[in-house]
Amino acid sequence: MDYLDMTPLGDSAVLVKLGDRIDLDTHRKVQLLSDYLERHPFEGMVEYVPAFTSVTVFYDAMKLYWNRVDARKKILNQEEIPFDIAVRRLKDIVESLEVTGEYEPQTVEIPVCYGGEFGPDLEEVASRNGLSPDEVIRIHASGEYLVYMIGFAPGFPYMGGMDKRIAAPRRPTPRLAIPRGTVGIAGEQTGVYPLETPGGWQLIGRTPIPLFLPERMPPTLLRSGNLVKFYPITRAEYDRWEARSR
Amino acid sequence: MSIRVLKPGLLTTVQDLGRTGFQKYGVIVGGAMDPFACRVANALVGNDESAAALEITLVGPTLRFDSTLLISICGADLSPTIDGQAVPLWRPVVVKEGGLLRFGAARHGVRCYLAVSGGFDLPQALGSYSTYLRAGIGGFQGRALSEGDVLEVRPSNNLGRAIADKLAAAAKDAPFASARWHVSSAMMPDYRPDPVVRAVEGPQMHGFDPESVADFFAGTFQVLPQSDRMGYRLKGEPLRLADPAELISEPVAFGTVQVPPDGNPIVLMADRQTTGGYPKIAQVITVDLPLIAQVQIGGSIRFRPVSLREAQELYWIAETEWEWLKKSIFMQFR
């Protein structure tokens, strides 16, 4: 990997930067390192968190040493501190990874009931872009969206790949409560709210399927690296789906 | 064995040391705001340090003990009393059946932790007892305690029983009995209303105007009323970026000091989101996080720079002292 920058995020995490802009190439490196750490966590690693251009690795500073005597000697004799050990481990791992041509992201299909009470801003998104609401739905549902990272709320996907023709700025005043499952647009991004939260996105529809499932493992429908496709459903289908999942 | 909630207090939640391993799914870590006080409270009643405890905020609850139980209260001094008599902090206390625990004025600090020997009998959610209010999971039914809740308690382990037996023998007719010894303040973080906390440089510190970096480490920051479990919002000399470029979102941590465009820093605390898009000027070192958690609104915080080496040495020393504390509790009562 050509770009590699490791900086401390405080005394218990390393920020591993694998690129300096959001693109597919950097995303693949982030996925590759994440997949490796998922399968082979090193001794002392607590967890890893993938993001657009980086993977942050949290560690337990005391568990990176072979034993407590070794830790005492090294820390108090001004030798390797825990950060140095974590960086050494991560360098070895990153250097062993090979970016191959193969790339098979998992596709997740999400049903959406567009417009009506679920999508109060659909008309506005359409008129802003000189389109009809049906055209907005057709464009939104024909796209393929790559989940670059999960953040903000459990299972909330930061996705790329939305058609610029349906872009719309955030609302000037955020809404206090956006129901869970709501699909929205903000700028050139689209996303789904997994929990009821306040927010300023333009709301175009709602999905009946839950994105956060705390009693399941993994606890979210979407993961970093997934490919998302939306497809339209009617209100009657939405209601049936909701009734089934109860 | 149980404890009944007669009044819930301002914000009383079940917490442990946090829910790790799920940040990659956007699930926050949560957990005790003052992990030191929470760990000590558990150790004093013979529990594993990761057991569930109550985090009590500023205005404490009123609790009735339906059975005789061994507890300890550590952290802020919220004037706890049992049947009208003051309860000392930072030591094990046996409360007799029927005892009524109340809290009064916040003498210092914000949050105290009530641990009970055996721990609260609650299910874990995603491997933790921490209450995640926004998602409605963990802790007691995913919410803060409310009037009428009954907290079931698990049986004590051998160490907890030994501590309880020794204290109960000395209690005689009193509603409670506490150990004469307590955790030495020399071992504690230097709790005060206007602490100086140590911080290492944040990933984007060099993106700030050098004058702003100097202001950050020289100035005094007031704690604003919007501060909560998610973050401490501060106000001081506004901090400016040298080149205000948009930052690509990346993970944040407990103690990350991020600076939104208004220039007022926010110290991210237990319920922080997993990622953030604001530049990070500094990172409060792990051993000083409890100091921030105990600063009241209107209080102030100053920051002092330390090297990463110093931060990790201090962490090592604190963890070593912690091991000694656990051993000495065990030696007292084995």
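How much area do chain A and chain B bury between them? The answer is about 3900 Å², and 65% of it is on carbon and sulfur atoms. The model is predicted.

**The interface of chain A and chain B**

- The size of an interface is often given as the accessible area lost when the parts come together.
- Of the area that chain A buries against chain B, 16% comes from Leu9(A), Asp11(A) and Glu47(A), more than from any other three residues.
- Counted by residues, 55 of chain A are in contact with 40 of chain B.
- Nine residue pairs are in polar contact between chain A and chain B, with both residues at pLDDT 80 or more.
- Several elements of chain A each supply at least two residues of the side that touches chain B, among them the helices α2 (68-76) and α3 (82-96).
- The strands β2 (13-17), β3 (45-50), β4 (54-59), β6 (145-150) and β11 (197-199) of chain A also each supply at least two residues of that side.
- By class, this side of chain A has 33 nonpolar, ten polar and twelve charged residues.
- One salt bridge is found across the interface of chain A and chain B.
- That salt bridge is between Lys24(B) and Glu38(A), whose closest N and O atoms are 3.6 Å apart.

**Strand β3 of chain B**

- Strand β3 of chain B spans residues 53-57, and five of its five residues are buried, so the strand is largely enclosed by the rest of the structure.
- In a regular strand the side chains alternate between the two faces of the sheet.
- In β3(B), Ala53(B), Glu55(B) and Thr57(B) point one way, while Leu54(B) and Ile56(B) point the other way.
- Strand β2 of chain B (residues 12-15) pairs with β3(B) in the antiparallel sense, over four bridges.
- Opposite Leu54(B) of β3(B) stands Val14(B).
- Strand β10 of chain B (residues 108-116) also runs antiparallel to β3(B), and four bridges join the two.
- Cys112(B) in β10(B) is the bridge partner of Ile56(B).

**Salt bridges**

- Over all chains, the count comes to 28 salt bridges.
- In chain A, Lys29(A) forms a salt bridge with Asp25(A), with 3.8 Å between the closest N and O atoms.
- Both of these residues, Lys29(A) and Asp25(A), lie in helix α1 (residues 24-39) of chain A, where they are four residues apart, about one turn of the helix.
- Lys29(A) counts as buried because its relative accessibility is 6%, whereas Asp25(A) is partly exposed, with a relative accessible area of 45%.
- Another salt bridge of chain A is between Asp60(A) and Lys63(A), the closest N and O atoms being 3.8 Å apart.
- A salt bridge with an N to O distance of 3.3 Å links the side chains of Arg128(A) and Glu124(A).
- Helix α4 (residues 122-128) of chain A holds both Arg128(A) and Glu124(A), four residues apart, about one turn of the helix.
- Arg128(A) counts as partly exposed at 49% relative accessibility, and Glu124(A) counts as partly exposed at 33%.
- Arg128(A) and Glu124(A) belong to one network with Asp121(A), Arg171(A) and Arg175(A), joined by salt bridges that share partners.

Terms used:
Residues are numbered from 1 along each chain as its sequence is written. Chains are lettered from A and ligands numbered from 1 in the order in which they are written. This is a predicted model: local features need pLDDT of at least 70, side-chain atom pairs count only at pLDDT 80 or more; totals for chains, interfaces and linings use all residues. Side-chain values use heavy atoms; hydrogens and water are left out. Contact means heavy atoms within 4.5 Å. Buried area is the accessible area (1.4 Å probe) that two parts lose on being put together, summed over both. A salt bridge is a side-chain nitrogen of Lys or Arg within 4 Å of a carboxyl oxygen of Asp or Glu. A polar contact is a pair of N or O atoms within 3.5 Å; within protein, one must be able to donate a hydrogen and the other to accept it, and residues adjacent in sequence count only if both atoms are side-chain atoms. Ala, Val, Leu, Ile, Met, Phe, Trp, Tyr, Cys and Pro count as nonpolar, Asp, Glu, Lys and Arg as charged, and the others, Gly among them, as polar. Buried means under 20% relative accessible area, exposed over 50%, partly exposed in between (1.4 Å probe, protein chains only). Two strands pair if DSSP finds at least two bridges between them.
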